[in-house]
Structure formats: structure tokens, C-alpha cells
Amino acid sequence: MTRGKQKIDAQRRNAEKNQKAKGSQSQLEARAVGLKVVCPICKVQLANEKQLIDHYGSKHPKEKPPSPSE
């Protein structure tokens with residue numbers, strides 16, 4: 001039964017290792033936390049106001065960018 005005990009121990013170690021990995025934050029979740037500004041026209045998420053202004057200049061040149069207070 002030595003082989004059976006080794007198998008059970010290996011399964012237990014793998015389960016613990018996988019459980020720790022699932023508890024950590026995924027890259028997509030971390031990216032979503034960092035994106036705080038949303039373009040009101042096309043709903044693209046951006047990191048900050050400067051990127052929103054640059055976005056307006058390239059994607060919505062005829063529109064006026066919103067003021068920083070909005």
C-alpha cells in the first residue's frame with residue numbers, strides 16, 4: 001500500500017497548490033481594477049483623464065472632451 005499512500009499525498013499536495021493559485025487575482029481582473037475612466041460615447045475603459053483626452057483626439061475629433069470634474 002505504499003504506492004497508494006504516495007498517490008493520495010500527491011493528490012493532496014496538488015489540490016493545495018491549485019487552491020492557492022485560484023485565490024490569486026487574474027491578470028484580467030487586475031487590469032479591470034486599473035481602468036477607472038470610461039468614454040461616455042463608445043464606453044471604452046481608460047486608465048486616466050489624459051488618456052481620455054488623447055482618445056477623444058483620435059477617435060472622436062469632432063466632439064469636445066468632457067471636463068475633468070465629470
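Biologist: What does valine 37 touch, not counting residues up to four places away in sequence?
Modeller: In this predicted model, valine 37 touches Val44, Gln45, Leu46, Ala47, Asn48, Glu49 and Leu52.

Biologist: OK, and which residues make up the largest nonpolar core?
Modeller: Five residues in all: Val37, Cys39, Leu46, Leu52 and Tyr56. Leu52 and Tyr56 from that set are also buried residues of helix H3, which covers residues 49-59.

Biologist: Why would residues a few places apart point the same way?
Modeller: An α-helix has 3.6 residues a turn, so residues three or four places apart point the same way.

Biologist: And what do the buried residues of H3 pack against?
Modeller: Strand S1 (37-38) and strand S2 (45-46). On the other side of H3, Lys50, Gly57 and Ser58 are exposed.

Biologist: What caps the N-terminal end of H3?
Modeller: Asparagine 48 does, with a side-chain oxygen 3.3 Å from the backbone nitrogen of lysine 50.

Biologist: Zooming out, how do the elements run from the N terminus on?
Modeller: The order is α-α-β-β-α, for a total of three helices and two strands.

Biologist: How much of the chain is buried?
Modeller: 13% of its 70 residues count as buried. The accessible surface comes to about 6300 Å², with 55% of that belonging to carbon and sulfur atoms.

Biologist: What about contacts between residues 24 or more positions apart?
Modeller: Those account for 0% of the contacts with a separation of 6 or more.

Terms used
Residues numbered from 1 in each chain as written. Predicted model: local features only at pLDDT ≥ 70, side-chain atom pairs only at ≥ 80, totals over all residues. Heavy atoms only, no water. Helix = DSSP H or I, 4+ residues; strand = E, 2+ residues; numbered from the N terminus. Buried < 20%, exposed > 50% of the residue type's maximum accessible area, 1.4 Å probe, protein only. Contact = heavy atoms within 4.5 Å. Areas by Shrake-Rupley, 256 points an atom, 1.4 Å probe, with all protein chains shown as cover. Core = buried A, V, L, I, M, F, W, Y, C linked by side-chain atoms within 4.5 Å. Polar contact = N/O pair within 3.5 Å; in protein donor to acceptor, adjacent residues only side chain to side chain.
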